[in-house]
Amino acid sequence: MTAVDTPTTSNVGTTKLRKEDAHLVTGRTQWTDNIQLTGMLHVAVVRSPMAHARVTKVDVSAALEQPGVVAAFSGADLADQWAGGLPCAWPVTEDMQSPTHLPIATDEVRHVGDAVAVVVADSRYGAADATEFIDVEYEPLTAVVDMEAALADGSPLTDTQLDTNRSFTWQKIDGDVDAAFGSAAHVVERRFINQRLIPTAIEPRAVVCAPPREHREYTMWSATQVPHILRLMLALTCGVPEHELRVIAPDVGGGFGSKLNVYAEEAICLVLAKRLGKPIKWTESRSEGYQATIHGRDQIQDVALAFNEDHTLRGMKVELHADMGAYLQLVTPGVPLLGAFMFNAIYKMDALSFTCHGVLTNKTPTDAYRGAGRPEATYAIERLMDEAANELGVEPFELRERNWIKHEEFPYTTVAGIEYDSGNYEAATAKAKELFDYDGLRAEQQRRREQGDKVQLGIGISTFTEMCGLAPSRVLGSLSYGAGGWEHASVRMLPSGKVEVITGTSPHGQGHVTSWSQIAADALGIPFEDIEVRHGDTAVAHKGMDTYGSRSLVVGGYAVQVACDKVVAKAKRVAAHLLEAAEDDLEFDAGTFQVKGSPDANTSMQDVALAIFAAHDYPEDMEPSLDSDATVDPENFSYPHGTHLCATEVDTETGAVTIRSYVAVDDVGTVINPQIVEGQVHGGLAQGIAQALYEEAVYDAEGQLKTGSLLDYFVPAAPDLPHFTTDRTETPATTNPLGVKGVGEAGTIASTPAVINAVVDALRPMGVNDVLMPASPQNVWNAIQAAAPADGGAA
């Protein structure tokens with residue numbers, strides 16, 4: 001079941017088939033790996049098999065003798081090509097420890113997969129074969145893989161150039177936490193583990209870099225989410241002037257944050273194109289990507305809630321250990337800090353303390369992965385609310401309703417100091433409970449418990465909100481982020497009446513081309529089919545802050561709307577001139593300017609576009625152009641919310657978990673395209689459920705990745721996932737003219753705690769109050785055994 005569309009005559013709010021899909025599903029795409037250039041060479045990377053070691057020798061001479069090999073380099077050979085290491089744009093504290101991250105290591109490797117040499121050949125597989133002939137010698141060093149052990153006195157160091165494994169400690173305290181806990185009638189404390197995950201986009205990362213030809217410009221194609229950011233950072237890292245580097249993100253097959261980075265291979269390809277004067281291509285294998293592309297999550301969460309006698313919330317304490325991995329990638333240290341504003345979620349409280357210890361380990365770096373800090377925060381608070389309800393003897397929904405922000409209280413400034421502009425948690429919850437048959441399932445659960453059913457029914461709740469639309473530049477600056485959150489758009493009115501929209505966002509599956517066309521079609525009164533959206537090329541869209549954090553529609557779509565409004569304002573002046581009327585006497589509707597009260601005195605937007613192109617007759621005090629730009633910087637984030645309910649069947653003898661039903665009611669403000677929203681929700685649910693039940697990156701004590709391929713790392717497919725029942729409530733945002741809120745991460749953020757709450761709820765009668773993620777049969781069975789009385793009696 002999916003949400004029912006409300007009929008509308010406008011483009012916004014209507015399901016339109018995605019413009020992008022025709023070429024995507026018929027094989028007419030241009031993935032980076034499809035690009036073929038004359039004389040192109042291929043690069044393969046030699047990677048460390050050790051998690052921590054000194055590099056004592058790199059001999060590339062034998063590789064140079066292999067068929068088709070053009071060049072081979074060690075890290076030392078290219079050390080003078082980098083203007084420092086790869087960038088981290090988020091120095092969260094003044095004393096933050098950030099290991100130098102060279103694209104190719106020279107003297108020390110710090111995780112399995114760290115690059116130590118490269119081979120360039122005339123074919124991809126020839127280059128890969130030749131890597132076997134590079135002789136690398138290592139002096140093993142102790143690998144550090146456990147976060148808490150890494151901070152203990154006397155721990156081995158993850159990097160011999162540093163004197164600590166602590167990258168930073170960041171703290172935020174709001175309200176009087178000591179008073180809240182000191183006078184509390186009840187305190188509920190738990191430790192939760194958010195396991196490490198590996199993003200698995202359908203398209204592996206790939207890079208092609210061509211040296212200058214007729215122009216002085218290097219051209220890079222990369223499977224990236226951030227072409228504008230990548231261009232700037234590569235210019236700074238590789239010594240190529242920014243205006244001499246063009247970056248293109250062609251068709252990009254998913255990202256989920258894993259392509260929100262500046263990677264070693266991008267810098268390597270640029271430097272090799274510069275050095276060899278030939279086009280260079282690199283495409284990762286899946287197992288290579290699991291070592292060298294960022295990982296996500298990996299937090300230890302110690303959390304506590306304080307309650308009054310009447311079960312109202314007083315305060316919350318949060319202490320995190322967040323695994324940074326071996327290096328700090330683009331936004332690694334900032335990711336867990338985003339949760340500092342979200343642990344309070346939809347609940348009212350007087351005090352909140354948040355402390356995060358960023359810890360360096362000899363593992364692949366972590367960074368933003370779908371939700372980026374918000375899923376971790378939501379997991380902790382929603383799990384803890386269920387635990388509190390159990391300890392206090394209160395029905396889980398009753399405890400939530402007692403403490404959440406009521407719809408009439410918006411706008412509401414939270415304990416964390418941010419303002420939620422709009423929401424209606426009661427409406428979303430009421431609809432979700434009805435669709436789920438909440439009372440009926442509770443009654444069935446009780447019957448099955450009384451009957452001693454070996455397969456128990458569990459019911460899980462997640463009432464969430466999130467902070468997305470990563471935008472307000474001043475707020476980001478206050479958090480020491482190295483860039484702003486504005487976005488840019490241009491609208492070009494062509495003489496024929498067609499329209500080009502240029503956006504600074506860079507889609508990789510979200511449907512920007514379709515949604516932006518719908519916004520522009522309504523704003524300009526131009527047919528949806530007559531609008532072309534261009535993106536992802538820094539030579540075409542010269543300004544932009546790209547795509548991540550559910551910001552594209554909230555900030556990028558907002559910019560499109562503002563640019564369109566400017567076009568209409570210019571066109572209105574021209575139309576008034578042509579119709580010999582005052583501007584104030586004109587009204588604009590559905591693409592037509594009309595003199596009020598005179599239906600025959602009108603002209604269309606297309607007619608105005610042609611007239612201004614001819615420029616024979618237009619107002620003297622304006623330029624002959626309707627084209628308009630807009631750069632917007634919202635004053636606040638957006639706050640989508642929703643209620644997700646999950647029913648699981650848990651076999652108490654085998655630990656097997658089956659999701660019986662799943663209901664998601666989301667409020668993402670005004671909906672531009674219902675079908676796209678459905679797709680985003682479904683995709684998000686798949687990834688959130690995957691964390692709850694299936695996925696985990698596992699390292700051994702020596703820092704070896706034991707889940708280094710799809711043979712070992714379980715990414716669920718459609719048969720592994722349940723049918724979803726989805727619906728919506730609609731509370732428009734007040735922070736942008738479209739009324740929209742982000743949707744790309746909502747399903748991921750909400751679903752993980754809903755599923756685990758359901759699993760734990762099924763096992764409550766057996767004394768279980770937590771199950772480690774993923775809730776595999778092994779982990780569920782272990783939890784049951786751990787809760788069983790020592791004498792073997794009934795729990």
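Buried area, as I use the term, is the accessible area, with a 1.4 Å probe, that two parts lose on being put together, summed over both.

The model is predicted: local features need pLDDT of at least 70, side-chain atom pairs count only at pLDDT 80 or more, and totals for chains, interfaces and linings use all residues. Residues are numbered from 1 along each chain as its sequence is written, and side-chain values use heavy atoms, with hydrogens and water left out.

Now the domains. The bounds come from an automatic or database domain assignment. For the protein chain this gives domain 1 as 21-28 + 486-632 and domain 2 as 405-469 + 636-787. Taken over C-alpha atoms, their centres are 39 Å apart.

Next, the interface. Contact means heavy atoms within 4.5 Å. By that rule, 16 residues of domain 1 are in contact with 17 residues of domain 2. The area buried between the two domains is about 1200 Å², and carbon and sulfur atoms give 67% of this area. Which three residues supply more than any other three of the area that domain 1 buries against domain 2? They are S550, L553 and V554, with 41%.

For salt bridges, the rule asks for a side-chain nitrogen of Lys or Arg within 4 Å of a carboxyl oxygen of Asp or Glu. Across the interface of domain 1 and domain 2 it finds zero. A polar contact is a pair of N or O atoms within 3.5 Å; within protein, one must be able to donate a hydrogen and the other to accept it, and residues adjacent in sequence count only if both atoms are side-chain atoms. Six residue pairs across this interface are in polar contact, both residues at pLDDT 80 or more.

On the side of domain 1 that touches domain 2, α15 (512-524) and α16 (552-579) each supply at least two residues. The largest share, six residues, comes from α16. Helices (H or I, at least four residues) and strands (E, at least two) are DSSP runs, numbered from the N terminus.

On to the sheets. Two strands pair if DSSP finds at least two bridges between them. Four strands make an open sheet, ordered β18-β26-β27-β28, with mixed pairing. Its edges are β18 (455-465) and β28 (724-729), each pairing on one side only. The twist averages 15 degrees from one strand to the next; axes are lines fitted to C-alpha atoms, for helices over the stretch in contact, and angles run from 0 to 180 degrees between N-to-C directions.

Within this sheet, β26 (641-651) and β27 (657-667) run antiparallel and are joined by ten bridges. E649 has T658 in β27 as its bridge partner. Helix α12 (425-436) packs on the sheet, touching β18, β26, β27 and β28, and its direction makes about 30 degrees with that of β26.

A second open sheet has seven strands in the order β3-β5-β1-β12-β9-β10-β11, again with mixed pairing. Here the edge strands are β3 (69-74) and β11 (245-248).

Last, the backbone. Most residues other than glycine have a negative phi, and most peptide bonds are trans. The bond joining F410 and P411 is cis, with omega about -5 degrees; P411 is in the loop between α11 (396-403) and β16 (412-413). M773 to P774 is also cis, omega near -5 degrees. D298, not a glycine, has a positive phi of about 70 degrees, and D298 is in strand β13 (296-307).
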